[in-house]
Every structure is written in C-alpha cells, then in structure tokens.
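Have the sequence and the coordinates open side by side.

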Amino acid sequence: MQTKVFVLGALAIARLTAQNQPVLVEDTVKISDHVWAIMGWPNIAIVVGTRATLVVDTGLGPRNGATIARVAAKLAPGNQKVFLTTTHFHPEHAGGEAGFPNGTLLIRNVVQQREMELHGKEMIDLFAGRSAQFKELLSDAAPRIPDITFDQEASLDLGGVKARLLWFGGAHTKGDQLVFVEPDRTLVSGDVVQNKIVPGIFRDGGTPSSWLAVLDKVAALNAQHVLPDHSAPGDGSLVILEKQFIGDLRSKALELKKQGVAVDDAGKRLEAEFKTKYPDWPAMNVSGFVRSIYAE
Ligand SMILES: [Zn+2]
Ligand SMILES: [Zn+2]
C-alpha cells in the first residue's frame, strides 16, 4: 500500500508541476465524451464534434498555439473547421492566437474583445518582462481580429455536440468567458471556477458581488465536469465550493469593515483564518480579495 500512496502522491505532484509549465506538450487527458485537455499553464480545452472542433485558450505565445493546433488536428483529422475562443484576454490565454493556421475562426464576446484592444499589448509587454523564456515565447505574439463577436451567448454546433460560449458578467476580468458543452455537461470555467484556488480580481475586472452573480448563473447550468484553467479538473461541486468560499470571505470581510477594521488588518486576519478553515486551498492572496471586497 505504501507504494501506491507514493505513486498517487507523485502523480499529484506531476500534475501540479504541469500546471506551471508555460511550454505546452501534446499529451491530452479526456475530460468527457467530446472534450480533451492539455494540462499546463494554462489548461487548454479541445471540443471535438463530427464536423468542427473548438479550442479554448491559446497558451503563452504562438509556439504554444501551434502545438495546440497540431493536437486538435490529430484528435479530429477530418474537421476542416476549427473555432478558437479564449477564457479572458491575458497573454497565457490569448497570446498564442498567431500560432493557429489561417482559416481558424476566432470568436469571443465583445467585452473581452474591448479589453484586448485596450490592454492586450500592454499585458504582453508586462508578461514578456517577467523572464527570458516568456519574452521569447511572446516575441511574435500578434493579436488576431476576431471573425465573430457576440454579446452574451454564442452557440456552436460542432456536429453531435454543442458548445455554448457564455458571457455572464465580470469576475477575474470584465470579459471572462465560459464554455458549456452539451450533452457532456462539461464546463470550461477559466478563472471563474477553480479547483481550490483563492480567487483574484485583475485590476478593475469584476467585483466580488458580480463574481457571485456570475456563479449563480453558472450553477444553473448544472455542470457535471469542470475544467478550470489553472487547477485540476473536477465535478460540478467545484461551482458550489467557489460560491461558498467567495460568499464566506465576503461576509467575514464586510463584518470587519463594519467594525471599522482597516483593510490591511482585515486582510492579515482573514488570511490566517482561512488558512485554517480551508487547509487544502493554497492560501495565496486572501488579502488581495479582501481589498476587492472593501473597495466595492
Ligand atoms: Zn488571468
Ligand atoms: Zn491565467
């Protein structure tokens, strides 16, 4: 039994390590009947129908985009039509658009596209400054002009499987997009629903209450499988867990605010409290989210 435990531990560690890998590999994991994933930084979803394929997210820079395009072609060699969409405008999710072949149809919601136009280049420059590897991966990251944009929902019939592209409001960013695959009931959740990762709002992206409102709509989808972008896949209970965590942190922080506790002190207190209360969540930036709660 010792050996088995050790093997499981090693696998879990391998998964975690993959989640930090900005150079994506061609290995896939099957999530549900029509959905495959490349696990890395970030996780990439590939939805395969009988007529068309949908890729969700590009990886960091065109080299990763090209890797994903190769994997998508291998999974469904007969599908001439390939759609590409992105969970949000950040470079590891959208900075690899240029690596996909001509003819790939880029589709995203208008709010996300607006963020891309306003801050996409700035974010690529910011990320390129983080390391020599990031700089190299992003060196030819030219954004593409979307072929299709939509307001709140676009439905793609891929042949025997339908992908609903959904914009429910701001959360991690303003333009956070979800993909719900039917009949699999698989949710590609981006940053909106993670597997035990403390949420983070990027600049003026969403607010804690808009995030909760988004989660109410997500919960109504009744997902069976959830594939987040920066954590391990899970089942529909991840949606409930995310809601509980944000709701819990929000009510605790608002209570401290009412008592007149300064935001930094509240952050420190709740950081410690939540580390104990949610021991299997790596307590990353509880105080950052507390700041977002205070600011709302
Ligand atoms: Zn992000
Ligand atoms: Zn990300």
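The zinc ion (ligand 1) and the zinc ion (ligand 2) are 3.6 Å apart in this predicted model. Each ion can be taken in turn.

The donors to the zinc ion (ligand 1) are His-88 through NE2, His-90 through ND1 and His-172 through NE2, at 2.2 Å. Along the sequence these donor residues follow the spacing H-x1-H-x81-H. His-90 sits in the loop between strand 5 (81-85) and helix 3, while His-172 sits in the loop between strand 9 (162-166) and strand 10 (178-182), so this pair ties together parts that are 82 residues apart in sequence. Both His-90 and His-172 are buried, which here means under 20% relative accessible area.

The zinc ion (ligand 2) is coordinated by an OE atom of Glu-92 and by NE2 of both His-93 and His-230, at 1.9 to 2.1 Å. The spacing of its donor residues in sequence is E-H-x136-H. His-93 belongs to helix 3 (residues 91-94) and His-230 to the loop between strand 12 (225-228) and strand 13 (234-235); the pair therefore ties together parts that are 137 residues apart in sequence. His-93 and His-230 are both buried.

The buried residues are Val-286, Ser-287, Gly-288, Phe-289, Val-290, Ser-292, Ile-293 and Tyr-294. Their cover includes helix 6 (208-221), helix 7 (237-258) and helix 8 (263-277).

The last step is the protein chain as a whole. Its secondary structure comes to nine helices and 13 strands. The radius of gyration is 19 Å, close to the 19 Å that the globule rule gives for 296 residues, so the protein chain is as compact as a globular protein of that length. Taken along the principal axes, the box filled by the C-alpha atoms is roughly 60 × 55 × 40 Å. Of the 296 residues, 54% are buried. Among contacts between residues at least 6 apart in sequence, 66% join residues at least 24 apart.

Notes. Residues are numbered from 1 along each chain as its sequence is written. Chains are lettered from A and ligands numbered from 1 in the order in which they are written. This is a predicted model: local features need pLDDT of at least 70, side-chain atom pairs count only at pLDDT 80 or more; totals for chains, interfaces and linings use all residues. Side-chain values use heavy atoms; hydrogens and water are left out. Donors are N, O and S atoms within 2.8 Å of the metal (3.2 Å for Na, K and Ca); water is not among the atoms, so sites may look incomplete. Helices (H or I, at least four residues) and strands (E, at least two) are DSSP runs, numbered from the N terminus. Buried means under 20% relative accessible area, exposed over 50%, partly exposed in between (1.4 Å probe, protein chains only). Contact means heavy atoms within 4.5 Å. The radius of gyration is taken over C-alpha atoms; the globule rule is 2.2 Å times the number of residues to the power 0.38.
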